[in-house]
Amino acid sequence: MPTLLIVHHTPSPNCQAMFEAVVSGATAPEIENVRVVRRAALSATASDVLGADGYLLGTPANLGYMSGALKHFFDQVYYPCLDETRGRPFGYYVHGGNDVTGAVRGIESITTGLGWRRKAEAVTVTGEPGRIDVEACWELGATLAAQLMG
């Protein structure tokens with residue numbers, strides 16, 4: 001059964017709302033035979049990444065960059081997963097108070113280095129997520145999971 005790994009750093013109510021919407025989309029009743037694994041960024045391992053067929057990443061934008069937790073995740077898995085995960089699909093969401101540009105640039109740079117392929121439009125939100133933002137997160141989760149259905 002294909003596995004979607006959701007790696008997230010969820011320190012705020014805004015990030016939590018986005019995370020819950022992503023999980024809801026990825027586990028919607030229409031999604032069949034896809035296992036969804038959720039890992040906090042500080043506890044996700046190279047084994048988790050190697051055992052998954054696709055990835056969904058979530059982070060706040062902190063001080064102009066992705067969270068330290070998500071950066072730590074990338075630092076831990078980059079070389080052990082580099083050759084084995086090339087070409088795998090991924091997507092991501094970022095929440096920021098007023099700017100997410102640096103976080104987006106960092107995620108795009110690292111995933112390009114890994115050879116992952118973004119298969120859904122990134123969801124970026126500044127301020128409190130509204131209904132449209134939450135729906136976009138749901139769609140993000142559903143899109144990534146559906147692509148793994150085959």
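User: In what order do the elements of the protein chain run from the N terminus on?

Analyst: Happy to start there, with the note that this is a predicted model. The protein chain has 5 helices and 7 strands. From the N terminus on, the elements follow the order β-α-β-α-β-β-α-β-α-β-β-α.

User: What radius of gyration does the protein chain have, and how does this value fit a compact globule?

Analyst: The C-alpha atoms fill a box of roughly 35 × 35 × 25 Å along the principal axes. A compact globule of 150 residues would have a radius of gyration near 15 Å, so the value for this chain agrees with that: 14 Å.

User: Among contacts with a separation of 6 or more, what percentage joins residues 24 or more positions apart?

Analyst: Contact here means heavy atoms within 4.5 Å. Taking the contacts with a separation of 6 or more, the part from residues 24 or more positions apart is 84%.

User: Which element gives the most residues to the largest nonpolar core?

Analyst: This core has 29 residues, and Leu57, Phe73 and Phe74 touch the most other members. The elements that give two or more residues to the core are β1, α2 (46-50), β3, α3 (68-81), β5 and α4 (101-114). With 6 residues, the element giving the most is α3.

User: Which residues does Phe73 contact, leaving aside neighbours within four places in sequence?

Analyst: Phe73 is one of the residues that touch the most other members of the largest core. Leaving aside its neighbours within four places in sequence, its contacts are Val7, Ala41, Ala44, Val49 and Leu57.

User: What covers the buried residues of helix α5?

Analyst: Helix α5 covers residues 131-148 and reaches 26 Å from its first C-alpha to its last, close to the 26 Å expected. Its buried residues are Cys137, Leu140, Gly141, Ala142, Leu144, Ala145 and Leu148. What covers them includes β1, α1, β3, β5 (89-96) and β7 (123-126).

User: Is Asn33 buried or exposed?

Analyst: Asn33 is found in the loop between α1 (13-26) and β2 (35-40). Its phi is near 60 degrees, a positive value in a residue other than glycine. Because its relative accessibility is 55%, and the cut-off is over 50%, Asn33 counts as exposed.

User: What relative accessible area does Leu63 have?

Analyst: Leu63 sits in the loop between β3 (54-62) and β4 (65-66). Although Leu63 is not a glycine, its phi is positive, at about 50 degrees. Leu63 is exposed, and its relative accessible area is 92%.

Definitions and conventions
Residues are numbered from 1 along each chain as its sequence is written. This is a predicted model: local features need pLDDT of at least 70, side-chain atom pairs count only at pLDDT 80 or more; totals for chains, interfaces and linings use all residues. Side-chain values use heavy atoms; hydrogens and water are left out. Helices (H or I, at least four residues) and strands (E, at least two) are DSSP runs, numbered from the N terminus. Buried means under 20% relative accessible area, exposed over 50%, partly exposed in between (1.4 Å probe, protein chains only). The expected span of a helix is 1.5 Å times one less than its number of residues. A nonpolar core is a set of buried Ala, Val, Leu, Ile, Met, Phe, Trp, Tyr and Cys residues joined through side-chain atoms within 4.5 Å. The radius of gyration is taken over C-alpha atoms; the globule rule is 2.2 Å times the number of residues to the power 0.38.
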